[in-house]
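Open the model in your viewer and keep the sequence beside it. This tour tells you what to select at each stop.

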Amino acid sequence: MAGEPLEHIVIGDSAAICKVRDLIRQVAKSDASVMITGPSGSGKEIVATAIHGESQRARNRFVAVNCGAIPRDLLESELFGHEKGSFTGAIAQRRGRFEDAHSGTLFLDEIGDMPADMQVKLLRVLEARQIERVGGNGAIDIDTRIISATHQNLEERIDTRQFREDLYYRLAVFPIQLPALSERPEDVPALIQYFLKKMSTPETVLGFTSAAMERLITHEWRGNVRELRNVVERAIILFPNMQINSDQVDTLFRRRYSNAPTTETGADPVRNDVNKNSLAGHAVSAENWADGDTAIDLKQHLAEIERRYIAAALTKAEGVIADAARLLSMQRTTFIEKMRRLDIQKDEARLNA
């Protein structure tokens, strides 16, 4: 990524993402420690890489360590290195990540998961600018810039004594908060084009209709940019060289796939059967009511019918809202609005099935 324009790395033109790029430019030239926060999948490592690429250290190494993925008894050796024979399995001397990133940048991802004893040791390293290998007896000077990241609320973890306040202030000299993708939906088309360009082959021609793009823009994106990337990759696999429509976008959002046949028009026969049978049943009920003389509250009656259909669709779709909406030939946003209006919960629908 080094040498690329920042706009080609941190993608989007929303006010929120433009602000992030401004912050990157401001902090990159310094050696200040940066703390990047934001939900999982929002692109924290991309931002860390961009800061390194814009800095005076760009020609040296960028080293990333996921503090939550390394067993606690190995994390000290991973960061600081070890001497031969310092513990069982230490058959040779090994440099740690701090040494690997000397004159460069060390990215400590998921810093909120770092064990308490390692927090003390990291704080000491940041204060002394020296490390000591496990089993060693000499200090090693380091010139390493620290960028850390977490999806957790560290202030809450400080309150519960799960994270050291003094370490937090050492790491968060310059904080950068990344927005969720749902907070910058206008960036979705640019991100899609970026991923298509990155993952497609020269022979791949893939596009989205305006309705499909609108569907993508209004999706809630709980997995943020990472989820969007997965959806684009899925689209390349499932619909190569096609202009993808909104129904096919719903297929991309499914967590599982069925080999049930569809009609020539692409309609789902299961959905059609549900609609036919349900409508027929209510037509009979209406006719039976017409034979009597009892007044009904039509609005309430129709609301109850909607409630039953929506609960049944959620049960049939195993709680996947996009699939449930498809079963009722309904836009996902409309389906969610009806759930809210009728006060329907997914778990409640399953229990009442």
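In what order do the five strands of the open sheet stand? The order is E2-E5-E8-E1-E9, and the pairing is parallel. Strands pair here if DSSP finds at least two bridges between them. Strands (E, at least two residues) and helices (H or I, at least four) are DSSP runs, numbered from the N terminus.

Before going on, note that this is a predicted model: local features need pLDDT of at least 70, side-chain atom pairs count only at pLDDT 80 or more, and totals for chains, interfaces and linings use all residues. Residues are numbered from 1 along each chain as its sequence is written, and side-chain values use heavy atoms, with hydrogens and water left out.

Angles run from 0 to 180 degrees between N-to-C directions, with axes fitted to C-alpha atoms, for helices over the stretch in contact.

Pick out Asn66: opposite stands Asp109 in E5.

Select residues 15–28. This is H1, which lies across E1 (34–37), E8 (145–150) and E9. H1 runs at about 160 degrees to E9.

Step back to Leu6, in the segment before H1. Leu6 is buried, at 3% relative accessible area. Buried means under 20%, exposed over 50%, partly exposed in between (1.4 Å probe, protein chains only). Show the contacts of Leu6 (heavy atoms within 4.5 Å). Beyond four places in sequence, Leu6 touches Arg21, Ile24, Arg25, Ala50 and Glu54. The C-alpha atoms of Leu6 and Ile24 are separated by 8.9 Å.

**Two cysteines**

Select Cys18, which is partly exposed at 28%. Then select Cys67, which is buried at 2%. The whole structure has zero disulfides (a disulfide is a pair of cysteine sulfur atoms within 2.5 Å).

**Confidence**

Colour by pLDDT, the predictor's confidence in each residue, from 0 to 100. The chain averages 84, and 85% of the residues score at least 70. E1 is highest at 98, while H12 (residues 269–290) is lowest at a mean of 44. Over residues 260–284, pLDDT stays under 50. Residues 348–353 are also below 50.
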